[in-house]
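Here are my notes on the model you passed along, as numbered points. Have it open while you read.

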Amino acid sequence: MNVRKTTGYYIVDPEPRQKRASDALTAEAEKRERPIRAMLALAAFISVAAIVLITIMVFREAWPAIKSQGLLNMITGSSWKPTAAKPRFGLLPMIAGSSAVTLLALAIGVPIGLASAVFSAELAPKWAQSAMKRSAGVLAGIPSVVYGFFGLMVVVPAVRLLGGTGMSVLSASLVLSVMILPTIIGVSEAAIRAVPDDYRQASLALGATKWQTIKNVIVPAAKSGIVAAVVLGVGRAIGETMAVILVAGNIPVMPSGLLSAVRTLTVNIALEMGYVRPGTLHYSALFTAAAVLFAFIMAVNLMVRAITRKAR
Amino acid sequence: MRDSRKMQEKIAFGVITAMALMTVSALILIIGYVAWKGLPALNWKFIAGTPGDPLETGILPMALNTLYLVLLTLALALPLGILAAIYLKEYSKEGPFVKLVRVATENLAGVPSIVFGLFGLVFFGKLLGLGWSLANGALTASIVVLPTIMRTTEEALASVPRSFREGSLALGATRWQTIKGVVMLPALPGIMAGTMLSIGRVVGETAALMFTLGSSDRAISSVMDSGRTLSMHLYILAHEGLSVEGAFATALVLIALVLVLNLASEALASRAMNKGGR
């Protein structure tokens, strides 16, 4: 029995635990579990191995082009002519293309998605809520090629009425905005539902209308979740290939307006990878495009983590 | 004063409802239009035939290829993902290794499909010498769906009440025996829902398969053989403009597949919720 005296009171330390017969059995069970535990840990490690290998591979294949052209030159170069006599590997047109298409898709998709989330969480009767959930679920599952094909058959001819060939920034953004809707709706709705009911009750008790409550209390309270939703939407839109490749025109020049044809980083890789020879500078330049894309998406992921961690 | 606030509210709610309607109408528009244009082309010759004349593109080989790809991908990804999730949920403490795995999985989930495709091309295709093949495509696709399987399995395991585990351990079972015998069963519907999601992802995947599975229009006959899936077929038809009818019909088949998977997943998810409540 061990009694310590500290300022003001005594502490009695508990007896060290007596050895029991079951201790040997527990130790043996743990030992028998060791190979199982190791195998499971190995399975878990595969994720880590995969992302590490992908990162290494992308930057390794991109290195020759980066070394020869200089990363800054490639990112700011506005001329992409890989097969010319004096090849140029400027990625700026594609970076601008990806940015333009994504930003416009956000401008269209975020308001509609956020409104749909608010509708589902705050305004809709039960049947409408489940209808919205199902719609978002099905939209999320439709393959990107189908979106691209629909865009080609419906959106492009419609945009053609405004001028040009129809294959444009506008068409790609319209298609992408529908694709990111489920992402935006899903995460925003969760964030809105997570706002404690007390907030609503307090606001209504103070005499605010339901709309005022939503606008001034609930949405600001769900702000970090909504921002996370938008950032996730960005990640989705930037990484999209098949939906864009069929509707954007794919000319590697700086986009000059809503109706001009544009090529994104993803489409650039997909189109040209089919006919490059490995080991050439062109091949490596495509991997540089992939590296830029990859780096951007990793940054986006970090942002989401930072935002959601702040919320907690 | 009160009237103007009421007015604002009415307008705001009107706009919000209209936007929500836009979401649903987008879905109805896409499905409806593809169905309208695709149904006429959907005859038995189309489904069961093989592509000969480019204007009479039968999709049986592509459907088979899609099936083979899904099966092989699941065979790779399910054991890996489930075991990994079991480790994360049941065997480990929230230490640095677990954090590393979680960060890696989140990042993996955000990688664009085309980058997966490049990885498959270089790593499985060149380094491991698999070239364009079912093996390459399935390996690549399994990395694509691994985060989804890990996440949904972990959630399914988490929804199993603690009392199940405690009761089993109290009866003297080892941790592995507990997982195998007691925890996995109620987690199964959730795991299956995740599997449906992954199947949907594999079926819809194109960019990751372009340079790994290849695009030959014949049915795959061995693991090292290459051949296109339904999604890839739709892309080729649309891109080269060979057969608009064929494209619409293929798109319709794909949408129908997605709907079926969605319904199955929903049914399983609701079963999971009912079971996990005890």
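This is a predicted model: local features need pLDDT of at least 70, side-chain atom pairs count only at pLDDT 80 or more; totals for chains, interfaces and linings use all residues.

1. On the chain A end, R134(A) belongs to helix α4, while on the chain B end E266(B) belongs to helix α11 (residues 244–275). Over all chains, the salt bridge count by this rule comes to eleven.

2. Now for the rest of that interface. In terms of contacts, 71 residues of chain B touch 78 residues of chain A. The size of an interface is often quoted as the accessible area lost when the parts come together. Here the buried area between chain B and chain A is about 6600 Å², and carbon and sulfur atoms supply 80% of that. As for polar contacts, ten residue pairs are counted between chain B and chain A, with both residues at pLDDT 80 or more.

3. Which helix of chain B gives the most to the side that touches chain A? That is helix α1 (residues 2–38) of chain B, with 18 residues. Sorted by type, the chain B side of the contact has 53 nonpolar residues, twelve polar ones and six charged ones.

4. Back to helix α4 of chain A, this time for its packing inside the chain. Helix α4 (residues 126–141) of chain A packs against helix α3 (residues 92–123) of chain A at an angle of about 145°, and the two axes are 8 Å apart. Their crossing is left-handed. If you want to click on side chains, look at S116(A), F119(A) and S120(A) in α3(A), which meet A128(A), Q129(A) and M132(A) in α4(A). That contact splits into three nonpolar and three polar residues, with no charged ones.

5. Chain B has a helix pair to look at too. Helix α3 (residues 60–91) and helix α6 (residues 134–158) of chain B pack at an angle of about 40°, with axes 6 Å apart. The crossing of α3(B) and α6(B) is right-handed. The residues in the contact of these helices come to 23 nonpolar, five polar and three charged.

6. If you look at a single spot in the viewer, I'd pick the pair that crosses between chains: E266(B) in α11 of chain B and R134(A) in α4 of chain A, joined side chain to side chain in a salt bridge at 2.7 Å, N to O.

Terms used: Residues are numbered from 1 along each chain as its sequence is written. Chains are lettered from A and ligands numbered from 1 in the order in which they are written. Side-chain values use heavy atoms; hydrogens and water are left out. Axes are lines fitted to C-alpha atoms, for helices over the stretch in contact, and angles run from 0 to 180 degrees between N-to-C directions. Helices (H or I, at least four residues) and strands (E, at least two) are DSSP runs, numbered from the N terminus. A crossing is left-handed if the near helix is turned anticlockwise from the far one by less than a right angle, and right-handed if clockwise. Contact means heavy atoms within 4.5 Å. Ala, Val, Leu, Ile, Met, Phe, Trp, Tyr, Cys and Pro count as nonpolar, Asp, Glu, Lys and Arg as charged, and the others, Gly among them, as polar. Buried area is the accessible area (1.4 Å probe) that two parts lose on being put together, summed over both. A polar contact is a pair of N or O atoms within 3.5 Å; within protein, one must be able to donate a hydrogen and the other to accept it, and residues adjacent in sequence count only if both atoms are side-chain atoms. A salt bridge is a side-chain nitrogen of Lys or Arg within 4 Å of a carboxyl oxygen of Asp or Glu.
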